[in-house]
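Please open the structure in a viewer and keep the selection panel at hand. The stops below proceed from one selection to the next.

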Number of protein chains: 2
Amino acid sequence: MEKTFEELKTRLNAIHDVRVSRAILGWDQHTKMPPKGAEVRAEALSTLDRISHELFVDDEIGRLLEELGAYEESLDRDSNEASLLRVTRRDYEKAKRVPSDLRAEMTRAGAIALPAWVEAREKSDFSIFLPYLERNVELQHEYIACFDGMGYETAYDVLLDDFDEGMTAETVRGVFDELKRELVPLIAEIQENADRVDDSSLHGEFPIEAQRDFALQVVERFGFDHESWRLDPTVHPFAMSAGVNDIRLTTRYDETDLSSSLFATIHEFGHGFYEAGVDPSTERTALSSVTSMSLHESQSRMWENLVGRGLPMWRFFFPKIQEAFPAQFGDVDLDVFYGAINKVQPSLIRVEADEATYNLHIILRFELEQEMLSGDLALADLPEAWNARMSEYLGIDVPDDSRGVLQDIHWSGGAIGYFPTYALGNVISVQLWDQLRAAIPDLDSQFEQGEFGELAGWLRENLHRHGRKYNSKEMLERITGGGMDPGPYLRYLREKLGQIYGLSVKEGAPA
Amino acid sequence: MEKTFEELKTRLNAIHDVRVSRAILGWDQHTKMPPKGAEVRAEALSTLDRISHELFVDDEIGRLLEELGAYEESLDRDSNEASLLRVTRRDYEKAKRVPSDLRAEMTRAGAIALPAWVEAREKSDFSIFLPYLERNVELQHEYIACFDGMGYETAYDVLLDDFDEGMTAETVRGVFDELKRELVPLIAEIQENADRVDDSSLHGEFPIEAQRDFALQVVERFGFDHESWRLDPTVHPFAMSAGVNDIRLTTRYDETDLSSSLFATIHEFGHGFYEAGVDPSTERTALSSVTSMSLHESQSRMWENLVGRGLPMWRFFFPKIQEAFPAQFGDVDLDVFYGAINKVQPSLIRVEADEATYNLHIILRFELEQEMLSGDLALADLPEAWNARMSEYLGIDVPDDSRGVLQDIHWSGGAIGYFPTYALGNVISVQLWDQLRAAIPDLDSQFEQGEFGELAGWLRENLHRHGRKYNSKEMLERITGGGMDPGPYLRYLREKLGQIYGLSVKEGAPA
């Protein structure tokens with residue numbers, strides 16, 4: 001049996017290698033590829049996807065899985081072996097339903113749409129992107145149709161399941177309704193006290209080189225190590241891992257705004273640190289890839305917001321940022337800076353949004369995606385619908401599509417159903433945070449000393465090392481003993497922002 | 001039949017995509033990969049090689065080739081279709097003989113040897129690299145054994161054939177003997193007049209940024225275009241093409257020496273420009289990859305030496321390099337500068353060697369490689385043999401292995417039999433140069449105006465667009481009407497260096 005298992009593993013290793021190669025080609029495409037390389041790159045990406053798909057849906061894999069059924073049952077469910085068989089079985093059942101041609105065409109269409117999206121965004125002209133988006137949505141429909149009769153309640157659930165196993169639109173809606181109910185009045189209350197925060201110090205002149213140096217100084221303290229990590233500029237920040245020792249972050253720089261690149265770097269560090277922390281013995285298998293993007297985003301959002309926008313860490317880093325940008329911060333107090341990086345203000349760009357309004361950006365996308373899929377909304381009308389909802393939820397006018405419907409890369413790659421995971425990540429991040437604060441009572445004073453090792457160790461031990469062994473529901477249950485609950489997140493926001501903006505304290509603040 | 005051809009082509013396209021992906025991963029490995037990513041990268045490279053090999057040796061490819069035999073005969077031999085069938089048939093027959101496991105193991109061993117070579121080179125400690133070299137040579141022997149009975153005269157011929165179809169050790173030896181016979185006395189004669197050249201201006205302080213900017217200014221004039229090309233720093237300069245619109249050059253910088261990075265950039269430009277010039281309709285097939293490295297090197301060496309170390313081009317660029325580095329060149333005359341970049345002096349490093357001594361570096365490697373393969377030389381004794389021959393041929397002592405046997409990357413990747421193509425490229429470059437000068441009589445004055453378009457056009461029309469359609473022998477025959485002949489190269493060297501060093505003119509100077 002162990003020989004049969006090794007035979008399967010050898011095949012899975014090769015498939016993983018192809019997927020990793022594809023990830024590297026994707027990273028290259030966004031960071032290094034000369035622009036005119038796009039067309040041939042689309043073919044290469046598509047071929048690699050087709051090959052990994054074909055290698056995976058090979059009947060031999062099915063036969064090996066079947067043969068290993070009894071072996072799997074004989075193993076501890078939590079063992080790497082049983083877990084690999086479990087996730088492989090699940091992936092195999094899903095993959096078998098998708099024709100290789102469709103898989104390859106989805107990749108190709110996404111790769112071709114990318115430069116069109118970049119151009120459309122630069123020119124703020126949605127019509128350039130529209131035909132590519134139409135093709136992507138059409139292909140998503142074909143993809144969804146592959147799962148007919150598998151028990152998904154809605155078309156959207158099929159897509160959600162790819163980004164967070166078992167997640168449903170209904171669950172998301174429940175969480176989002178609660179967020180909307182609490183956040184809309186909170187944001188309104190904050191707006192009345194807007195003058196308590198002055199973020200003028202964050203706007204000015206920040207040479208890119210110095211931004212990069214400072215961001216590196218921060219993430220190096222967190223665990224970024226040049227032997228195994230990289231940081232590059234890109235249009236749309238992302239993290240990519242080609243293995244526990246090949247982690248790549250990207251960020252984008254704005255010479256007039258420090259926080260954009262700094263917090264994007266910290267956010268992507270959170271993603272990278274998760275992937276760097278998986279059990280190295282699971283390398284080259286699906287177990288080493290975290291596929292619950294809600295869990296993934298819980299980590300990026302945790303480092304970005306709970307660590308990166310927290311007061312304790314800045315007690316350590318504030319003198320250093322003053323030194324790096326003396327003209328900007330030399331005469332600023334830490335309290336003012338802390339308020340500035342936590343300023344709540346309805347704004348246009350999701351990735352630059354504050355912690356409170358961020359979720360409304362997501363809810364807007366979640367709603368639009370469902371309407372795009374159901375056909376209730378014609379794609380050509382998307383800009384209008386976007387702008388109307390931005391006005392309704394955030395009270396702001398969208399001046400152009402580049403800062404509206406064209407701002408995010410996701411739809412260009414055909415990724416529909418991904419956005420909700422950001423807000424679910426917010427929710428989960430505080431549920432985890434409450435647990436780890438209970439386990440490490442002096443966390444704040446550690447941060448004040450520039451020490452993040454115990455936090456990193458806790459995350460690694462309780463979450464990261466497991467890789468893909470547990471889905472988000474199982475993981476939450478293991479760590480918190482319960483399910484997803486927006487309560488802690490909402491309490492955290494109210495307490496933190498209430499303190500900054502001097503709001504009345506409501507009952508239910510965290511212990 | 002055309003349908004069968006398309007079926008074959010679809011398969012070949014996918015195989016080419018995998019090879020291109022592999023090339024991108026290789027480029028990344030040398031330029032961007034965090035050092036600790038090496039181990040997992042070795043697996044990915046090996047898997048991609050195995051996959052492209054397995055896809056190619058699939059019996060279905062053999063069947064399609066057989067079925068297309070009559071079709072091929074019905075076509076014009078020079079057509080893209082017939083040429084693709086011809087080279088595919090040849091590759092298929094060779095590839096069929098190599099087991100996939102061996103192919104994958106060769107790649108894996110090479111990828112693992114790379115960091116060992118880098119470390120050995122840094123520490124100047126051959127013993128670190130030795131076990132990896134031993135493994136590579138062992139695998140080369142297994143590889144050679146696959147071609148038993150195919151009519152190769154020597155083991156070395158098997159390897160040569162991969163880098164230059166049909167080339168034999170005997171032919172190489174003939175050419176090299178002639179080079180040695182003429183060059184050794186020429187170099188001695190030059191040494192007596194060594195004080196006629198002053199290259200002190202090339203040594204000093206050259207900030208890397210400025211070196212990069214100037215080199216780009218040069219290659220942009222030649223045809224480098226940022227929409228389709230990149231230039232990155234690396235340990236060992238190379239060029240990689242992922243398509244006619246994705247060409248990547250690498251170079252290495254020395255802050256105290258301008259010529260190292262500048263001429264490496266021009267050299268790699270020559271490689272890149274060849275690949276950028278293949279008929280775009282052959283993209284994603286083997287026809288778009290030039291596999292005769294002698295032809296390839298003829299192009300890199302032509303741009304590096306015949307253009308880049310020629311007086312005409314510097315009549316245009318010298319004022320610009322004076323502007324870029326005023327402290328170094330402000331008070332230097334063009335004639336002095338021209339002498340400096342053509343200084344002949346026996347030295348340690350091949351890639352930095354002058355045009356005359358360069359060939360002796362190659363001849364040394366050619367001889368050692370044959371002894372390594374035959375077993376006449378134990379690998380552990382390689383440094384000693386290297387140093388002895390450096391003393392014999394170039395009269396210099398090798399102070400450490402880092403500047404001796406460890407200087408080149410080739411053996412770390414298992415590439416034995418590649419080196420001769422550099423010197424053959426030198427020889428071919430002047431044979432082509434004589435032809436194109438006859439076709440474009442005012443070439444010099446074009447260069448003096450900074451115009452390289454007609455040269456580029458001639459090369460593209462007569463050589464580049466054909467890609468892999470013709471091997472080096474056929475190509476030379478098409479362009480020169482004859483075979484490989486070191487005469488023109490030797491006459492060129494004697495004339496150019498004779499003028500610079502004030503040597504007596506021998507009979508037989510070029511017309």
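**The interface of chains A and B**

Begin by colouring the two chains separately: in this predicted model, chain A and chain B bury about 2,800 Å² between them, and 62% of that area lies on carbon and sulfur atoms. On the chain A side, select A:P34, A:K36 and A:V40, the residues that lose the most area to chain B; together they account for 19% of what that side buries. The size of an interface is often expressed in this way, as the accessible area lost when the parts come together. Counted by contact, 35 residues of chain A meet 35 residues of chain B.

Next, display the polar and charged pairs that cross the interface. Between chain A and chain B there are six salt bridges, and 14 residue pairs are in polar contact, with both residues at pLDDT 80 or more. For one salt bridge, select A:R41 and B:D246, where the closest N and O atoms are 3.3 Å apart.

Which elements of chain A give two or more residues to the side that touches chain B? They are α1 (2-31), α2 (38-56) and β1 (229-233). Of these, α1(A) gives the most, with nine residues. If this side of chain A is coloured by class, it shows 15 nonpolar, seven polar and 13 charged residues.

**Salt bridges along a helix**

Side chains of opposite charge can pair when their charged atoms come close. Over all chains, the count comes to 81 salt bridges, and the following selections present several of them in turn.

Select A:E105 and A:R108, whose side chains meet in a salt bridge with an N to O distance of 3.2 Å. The two residues are about one helical turn apart, because they stand three residues from each other in helix α6 (residues 100-123) of chain A. A:R108 is partly exposed, at 25% relative accessibility.

Move to chain B and select B:R50 and B:E54, a salt bridge whose closest N and O atoms are 4.0 Å apart.

**A salt bridge between two helices**

Now select B:E72 and B:R89, which form a salt bridge at 2.6 Å, N to O. B:E72 belongs to helix α4 (residues 69-74) of chain B and B:R89 to helix α5 (residues 80-95) of chain B, so the pair ties together parts that are 17 residues apart in sequence.

Then extend the selection to A:D17, A:R284, B:E43, B:E105, B:R108, B:R135 and B:E138, which salt bridges with shared partners join into one network.

**A buried glutamate in chain A**

For the last stop, centre the view on A:E268, located in helix α11 (residues 258-276) of chain A. At 7% relative accessibility, A:E268 is buried. Show its surroundings: leaving aside residues up to four places away in sequence, A:E268 touches A:P237, A:F238, A:A239, A:L249 and A:T250.

Technical notes:
Residues numbered from 1 in each chain as written. Chains lettered and ligands numbered in written order. Predicted model: local features only at pLDDT ≥ 70, side-chain atom pairs only at ≥ 80, totals over all residues. Heavy atoms only, no water. Helix = DSSP H or I, 4+ residues; strand = E, 2+ residues; numbered from the N terminus. Buried < 20%, exposed > 50% of the residue type's maximum accessible area, 1.4 Å probe, protein only. Contact = heavy atoms within 4.5 Å. Buried area = accessible area lost by both parts, 1.4 Å probe. Polar contact = N/O pair within 3.5 Å; in protein donor to acceptor, adjacent residues only side chain to side chain. Nonpolar A, V, L, I, M, F, W, Y, C, P; charged D, E, K, R; others polar.
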